[in-house]
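Please examine the sequence and the structure before reading each solution.

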Amino acid sequence: AKMSAPTMEERKACWGARDEFWQCLDRHADDVSKCEKLRLSFESRCPQQWVKYFDKRRDFLKYKKKLETEGYHPPEAAGKS
């Protein structure tokens with residue numbers, strides 16, 4: 001089944017659902033259980049590939065923000081006890 005590109009309306013609905021979900025995560029320190037309804041809405045309004053992309057994108061943005069606020073801390077050498 002060929003996936004057709006979403007219309008402008010569908011894209012707006014998807015982005016809106018994503019933004020609401022992300023805002024909820026921000027408010028609840030990424031506690032997904034508190035944002036389940038918004039997550040379902042996000043997943044139902046966006047193509048599957050977009051959901052995967054946006055999930056990765058959020059992780060990346062959070063990581064980047066952490067680097068900017070805390071600076072880079074190399075991981076501790078493994079196996080040191």
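**Exercise 1.** Does Trp 22 count as buried or exposed, and what is its relative accessibility?

*Solution.* The model is a predicted one. The relative accessibility of Trp 22 is 14%. The cut-off for buried is under 20%, so Trp 22 counts as buried.

**Exercise 2.** Determine which residues form the largest nonpolar core, and which elements contribute to it.

*Solution.* Step one is to list the members. The largest nonpolar core comprises 11 residues: Cys 14, Ala 17, Phe 21, Trp 22, Cys 24, Leu 25, Cys 35, Phe 42, Cys 46, Val 51 and Phe 54. Step two is to assign them to elements. Two or more residues come from each of α1 (8-27) and α3 (48-70). The greatest contribution is that of α1, with six residues. As general background, nonpolar side chains in soluble globular proteins tend to be buried together.

Step three takes up one member, Cys 35. With neighbours within four places in sequence set aside, Cys 35 has contacts with Phe 21, Cys 24, Leu 25 and His 28.

**Exercise 3.** Classify the ring pair of Trp 22 and Phe 54, and state where its two residues lie.

*Solution.* The whole structure contains five aromatic pairs. In the pair of Trp 22 and Phe 54, the ring centres are 6.4 Å apart and the planes stand at 90 degrees. Planes over 60 degrees apart count as edge-to-face, so this is the class of the Trp 22 and Phe 54 pair. Trp 22 lies in helix α1 and Phe 54 in helix α3, 32 residues apart, and the pair thus links distant parts of the chain. Phe 54 has a relative accessible area of 8% and is therefore buried.

**Exercise 4.** What geometry does the pair of Trp 50 and Phe 54 have, and how many residues apart are they?

*Solution.* The pair is edge-to-face, at 6.4 Å centre to centre with 85 degrees between the planes. Trp 50 and Phe 54 are four residues apart in helix α3, so about one helical turn separates them. Trp 50 has 22% relative accessibility and so counts as partly exposed. Finally, ring pairs join Trp 50 and Phe 54 with Phe 21, Trp 22, Phe 42 and Tyr 53 in a cluster.

**Exercise 5.** Which residues form a nonpolar patch on the surface?

*Solution.* The patch consists of Phe 60, Leu 61, Tyr 63, Leu 67 and Tyr 72, which together have about 500 Å² of accessible area. Leu 67, one of these residues, is located in helix α3. Its relative accessibility is 31%, so Leu 67 counts as partly exposed.

Technical notes:
Residues are numbered from 1 along each chain as its sequence is written. This is a predicted model: local features need pLDDT of at least 70, side-chain atom pairs count only at pLDDT 80 or more; totals for chains, interfaces and linings use all residues. Side-chain values use heavy atoms; hydrogens and water are left out. A nonpolar core is a set of buried Ala, Val, Leu, Ile, Met, Phe, Trp, Tyr and Cys residues joined through side-chain atoms within 4.5 Å. Buried means under 20% relative accessible area, exposed over 50%, partly exposed in between (1.4 Å probe, protein chains only). Contact means heavy atoms within 4.5 Å. Patches are made of residues with over 30% relative accessible area and no salt bridge: like charges are joined within 9 Å, nonpolar side chains (Val, Leu, Ile, Met, Phe, Trp, Tyr) within 5 Å. Accessible areas come from the Shrake-Rupley method with a 1.4 Å probe; for residues, only the protein chains shown count as cover. A salt bridge is a side-chain nitrogen of Lys or Arg within 4 Å of a carboxyl oxygen of Asp or Glu. Rings of Phe, Tyr and Trp (its six-membered ring) pair if their centres lie within 6.5 Å; planes under 30 degrees apart count as stacked, over 60 as edge-to-face and the rest as tilted.
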